[in-house]
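Trainee: I would like to learn how to read a model like this one. Could you walk me through it?

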Amino acid sequence: MDWLSPQEWQAVALSLRVSFWATLCSLPFGIFIAYALSRWQFWGKQVLNGLVHLPLILPPVVTGYLLLLSFGTQAPLGGILQNLGIVFAFRWTGAALAAAVMGFPLMVRAIRLSLDAVDPKLEQAAATLGASPLWIFVTVTLPLILPGVIVGTILGFAKAMGEFGATITFVSNIPGQTQTLPSAIYAFLQVPGGENSALRLVVVSLVVAMSALVLSELLAARVARKVRGT
Amino acid sequence: MTLSVSVKHRFSGFDLDVGFDAPAGVTALFGRSGSGKTTVVQTIAGLLRPDAGQVLVNGKAMFDSATGVWVPPAKRRIGYVFQEGRLFPHMSVRHNLRYGAWFAKRRQGAASFDHVVDLLGIAPLLDRRPAALSGGEKQRVAIGRALLSAPDLLLMDEPLAALDEARKLEILPYLERLRDETAIPMIYVSHTVAEIARLATTIVVLNNGKLLRSGPASEVLGDPAVPFPLGVRGAGALLTTQVVAHHDDGLSELAIGAGRLYLPRINAVAGAQIRVRIAAQDVVLATRKPDHISALNILEGTVADVREGDGPGVMVSVRVDGQTVLARITRRSRDALGLRIGMACYAITKSVAVARDDIGISGG
């Protein structure tokens, strides 16, 4: 990979790491929230739905600033987490948190759509066969929504790779720590003679984003075929 | 096994208030669409929690609004065969069948996999996915899946309603085998008289969310009061007969006491018990024994009841050797013949009027 300079490579590697953890850690929450929104009737459902979708609508800078207010070292929540040894501010973990929050609505939407398409009658049938609610989810619901989960995961990952505004507001732009791929492109464009570096990273971004989309489509179609048994 | 049900439930514009006991055997829940049949079975299975009532299986409460008892469906040991099969599309037939068995593996008395596969004739389908099955095959697999979950009770909610006539005829013999070869009691929901006449030992008739009549199958189907709220077209009494002989001209001879019925060839050995439903509208009555008539089946009996409805017709029940034949004739004919209770008369029907799905192997 000598066509990328060490700093460029560092940004790519950091972005991959940030996106990987952001996606992996938000996936269980994404499935849970999607399930709650799709299947349960509860007080405050619309509020929860709004909160989940807020990062999609708000300016990313606002989301980043809200994260800073909540999870900064001076913030109450950030202070509590710091005592537990979890620090987000100006660390790559913070970049991951910002990426997770920004990718979350896309992930939840994709999973919820596939959950809405699962016939609750199949889950009822599983119950009459002796399956507890947890077993029903693991053996019936989850396999049937797998295509949606895959699409949601990859969309979330792609969004995390491209996240810029919230990340730079929340954790700044520290090379090797919080300088993800988009932050690096931005940084290169700020210095004279940085256009070539920026261009190379733009190519990397394009390749990653396109591959993620194509991969998700192919994988989802394949799993869907398998699930339907046709 | 006994099942005791009472359900009170209010939907928008519809009140359900039904109570009945189901003894061992096949209990048919019968009524028009919208009479509350499905609500009753969903209550038994625990898929619906009614406003009030009680469901007792072998005296054990599954639901009791008075004491607040509610057993979740997964713990009820009640198998449910749905109208649309509801097979899991992501599993092979084999895994669908094993699904319930897996949760029931610590239970006693589970039917063996091979036996159920053989009983339902689904061995060639085991490695297929539900998407590759025909409607009839799906229903057989759904029945097998429910059986293998080792249920104390099997609910069947119109399992044949989504199938065409040919498929129905394909599955009915399997259901008869199920009734006769397994000890699991069944609640069978249907709005088709022919199906019920073949399968049921007990019939519970629902009408507009209320219990209309319940009792042994031949008694309920032979009751001239039952047909009017349900539509007289479907009315017809159930006769239990014995195969006497098969003749060279393609007819089988059946005995009902001293009387004889000649029906198109039936697949049963001589001596076998056969139940035959004779539609009331296919029966002609005569007060003198007719001769020079093409109809082969002439049963001698006495008029037991004459029931008037709103229309121009009357329903006449004729006792023939302890069983009942229903005949739907006009008031005009009744008056012309002077039919009165206790009179001797002849019930006449054509051999070809009895459809294939009106003939079944008799259970019990």
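Mentor: Gladly! Helices are DSSP runs of H or I with at least four residues, and strands are runs of E with at least two. Bear in mind that this model is predicted.

Trainee: Which pattern does chain A follow along the sequence?

Mentor: Reading along the sequence, you get α-α-α-α-α-α-α-α-α-α for chain A.

Trainee: What does the C-alpha trace of chain A span along its principal axes?

Mentor: About 70 × 45 × 30 Å for chain A.

Trainee: And how many of the residues of chain A count as buried?

Mentor: A residue is buried if 20 or more other C-beta atoms lie within 10 Å of its own. In chain A, 42% of the 230 residues count as buried. Among the contacts of chain A with a separation of 6 or more, 76% join residues 24 or more positions apart.

Trainee: Let's turn to chain B. Which domains does the assignment give there?

Mentor: The domain assignment lists domain 1 (3-221) and domain 2 (236-361) for chain B. Taken over C-alpha atoms, the centres of these two domains of chain B are 32 Å apart.

Trainee: How many residues of domain 1 of chain B are in contact with domain 2 of chain B?

Mentor: Eleven residues of domain 1 of chain B, which contact twelve residues of domain 2 of chain B. On the domain 1 side, helix 5 (165-181), helix 6 (193-199) and helix 7 (217-221) of chain B each supply at least two residues. By class, that side of domain 1 of chain B has seven nonpolar, one polar and three charged residues.

Notes: Residues numbered from 1 in each chain as written. Chains lettered and ligands numbered in written order. Predicted model: local features only at pLDDT ≥ 70, side-chain atom pairs only at ≥ 80, totals over all residues. Buried ≥ 20, exposed ≤ 12 C-beta atoms within 10 Å, placed from the backbone. Contact = placed C-beta atoms within 7 Å. Domains from an automatic or database assignment. Nonpolar A, V, L, I, M, F, W, Y, C, P; charged D, E, K, R; others polar.
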